Protein chains: 2
Amino acid sequence: MTQFEKVLKDATQPKKGRLFVVSGPSGVGKDTVLDVFHQALPDVQQCITVSTRSMRPGESEGHPYYFLTVDEFRQRVDNDGFLEYAMVNGNFYGTPREWVEERRSQGVDVLLKIDVQGGLTVRTKDREARLIFLMPPSVEELERRLRARSTETEDQIAIRLLDARSELQQIPNYDYAVLNDVVENAADQIRAIVLAERCRVSHQE
Amino acid sequence: MTQFEKVLKDATQPKKGRLFVVSGPSGVGKDTVLDVFHQALPDVQQCITVSTRSMRPGESEGHPYYFLTVDEFRQRVDNDGFLEYAMVNGNFYGTPREWVEERRSQGVDVLLKIDVQGGLTVRTKDREARLIFLMPPSVEELERRLRARSTETEDQIAIRLLDARSELQQIPNYDYAVLNDVVENAADQIRAIVLAERCRVSHQE
């Protein structure tokens with residue numbers, strides 16, 4: 001490493017890997033956007049959430065969640081096993097603390113795809129976490145996407161839409177807001193946010 | 001504009017165009033990197049600096065500077081015509097305030113390619129300005145680049161190198177540091193910084 005590269009590293013590199021949070025209303029397209037993002041920036045590792053939700057046909061352990069019973073989940077909570085957890089649509093979802101800490105202590109940047117409440121909890125525990133809010137272009141488009149995936153009933157769709165409008169009020173507590181009108185653009189903007197944060201001069205004393 | 005797009009605009013859009021500053025040691029390759037950057041992001045307008053330096057063969061009015069006599073320059077200073085000005089290597093360089101204000105009031109993002117002292121002056125006048133420091137990979141590479149452009153004498157090269165090492169000490173006062181090892185990478189990182197800043201949620205009260 002040259003003298004200048006050392007100066008750069010000292011100025012921009014945190015002691016451990018960075019922590020990024022991506023939240024957004026149900027149906028906004030987080031998975032699709034993050035798939036494209038990870039292809040562009042494979043060195044950011046996404047944490048797999050632990051959930052008490054029932055496994056659906058086609059799902060398996062770790063895809064998309066690690067599945068626990070409510071009792072197992074409670075034990076993990078009691079053992080401080082979650083960086084954050086929250087109940088969403090009647091099920092619990094948690095971020096395994098150890099997995100995140102291990103990666104970050106190795107200098108790996110970690111991304112959490114979690115709900116807004118979870119994002120705000122992460123922020124209280126790590127002020128350096130960067131919170132990204134993924135936005136749908138409109139209520140109508142969100143409704144169309146929710147209908148297209150055919151996993152919710154009409155009542156559930158109405159609830160999701162109402163919930164989305166409430167979540168939007170948390171944008172001022174986030175660091176970045178990205179519009180998901182075109183998947184590739186949204187993924188490119190999240191990539192830009194990660195690259196920019198890697199160039200950021202750290203002002204910790 | 002949909003209701004959600006309005007929410008996004010309110011959260012991320014400042015009242016006027018953003019102000020970006022790119023600084024870095026003489027010979028680091030600012031012009032080359034910014035040429036590639038502007039091709040990728042042509043809606044960011046770069047301000048042309050006013051200078052008292054003598055016009056060199058091949059240069060003309062506005063390329064790369066607007067050329068003024070010291071007397072004309074002093075009059076502009078007296079009339080508060082510069083956002084910042086500084087003496088660099090025995091000549092004065094200034095950023096025309098009116099040009100910058102006009103573009104920004106039209107919502108255009110403006111980029112200033114100015115020296116470190118100028119960058120710090122801009123920061124005192126606009127806390128929202130984003131300061132980007134472009135770094136050479138090493139002293140040796142900087143020396144090689146300075147020699148390659150054949151515009152400086154040996155004595156001047158020695159002075160530039162000493163000056164570079166002093167400027168590097170200002171990195172903690174900058175927001176971002178970008179390594180110019182490969183021009184395309186450095187340009188991509190500056191593009192990422194601008195895109196990320198455009199997604200940033202504004203926390204002004």
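In which sense do E2(A) and strand E7 (residues 110–113) of chain A pair, and over how many bridges? Select both: they pair in the parallel sense, over two bridges. Two strands count as paired if DSSP finds at least two bridges between them. Helices (H or I, at least four residues) and strands (E, at least two) are DSSP runs, numbered from the N terminus. Now pick A:Gln45, which stands opposite A:Val110 in E7(A).

**Before going on**

This is a predicted model: local features need pLDDT of at least 70, side-chain atom pairs count only at pLDDT 80 or more, and totals for chains, interfaces and linings use all residues. Residues are numbered from 1 along each chain as its sequence is written, while chains are lettered from A and ligands numbered from 1 in the order in which they are written.

**Stop 1: the sheet of chain A**

Colour the five strands of the open sheet in chain A. Their order is E2-E7-E1-E8-E9, with parallel pairing. Strand E2 (45–46) and E9 of chain A are the edge strands, each pairing on one side only. Next, show H8(A). This helix lies across strand E1 (19–23), strand E8 (130–135) and E9 of chain A. Helix H8(A) runs at about 155° to E9(A). For that angle, axes are lines fitted to C-alpha atoms, for helices over the stretch in contact, and angles run from 0 to 180 degrees between N-to-C directions.

**Stop 2**

Select strand E5 (residues 82–88) and strand E6 (residues 91–96) of chain A. They pair in the antiparallel sense over six bridges. A:Glu84 stands opposite A:Thr95 in E6(A). E5(A) and E6(A) form a hairpin with two residues between them. In the turn, A:Asn89 has a positive phi of about 50°.

Now go to A:Val77, in helix H3 (residues 70–78) of chain A. Is A:Val77 buried or partly exposed? It counts as partly exposed, because it has 13 C-beta neighbours inside 10 Å. A residue is buried with 20 or more other C-beta atoms within 10 Å of its own, exposed with 12 or fewer, and partly exposed in between; C-beta atoms are placed from the backbone. Leaving aside neighbours within four places in sequence, A:Val77 is in contact with A:Phe82 and A:Tyr85. Contact here means C-beta atoms, placed from the backbone, within 7 Å. Draw a distance to A:Pro96, 19 residues along the chain: the C-alpha atoms are separated by 9.8 Å.

**Stop 3: the core**

Select A:Ile132 and B:Ile132. Of the 96 residues in the largest nonpolar core, these two touch the most other members. Such a core is a set of buried Ala, Val, Leu, Ile, Met, Phe, Trp, Tyr and Cys residues joined through C-beta atoms within 7 Å.

**Stop 4: strand E8 of chain B**

Move to E8 (residues 130–135) of chain B. Six of its six residues are buried, so the strand is largely enclosed by the rest of the structure. B:Arg130, B:Ile132 and B:Leu134 point one way, and B:Leu131, B:Phe133 and B:Met135 the other way. In a regular strand the side chains alternate between the two faces of the sheet.

Four bridges join E1(B) to E8(B), and the two run parallel. B:Val22 stands opposite B:Ile132, and B:Ser23 has B:Phe133 as its bridge partner.

**Stop 5: where the chains meet**

Show both chains. The contact takes 30 residues from chain A and 30 residues from chain B. Elements giving two or more residues to the chain A side are helix H1 (3–12), strand E9 (176–179) and helix H8 (183–199). H1(A) gives the largest share, seven residues. By class, this side has 22 nonpolar, five polar and three charged residues. Ala, Val, Leu, Ile, Met, Phe, Trp, Tyr, Cys and Pro count as nonpolar, Asp, Glu, Lys and Arg as charged, and the others, Gly among them, as polar.

Finally, superpose the chains. A rotation of 180° with 0.0 Å of shift along its axis puts chain A on chain B (RMSD 0.0 Å). That is the relation of a two-fold axis. Select A:Ala192: its C-alpha is the nearest to the axis in chain A, 2.1 Å from it.

How values were computed. Contact = placed C-beta atoms within 7 Å. Least-squares fit on C-alpha atoms with pLDDT ≥ 70 in both.
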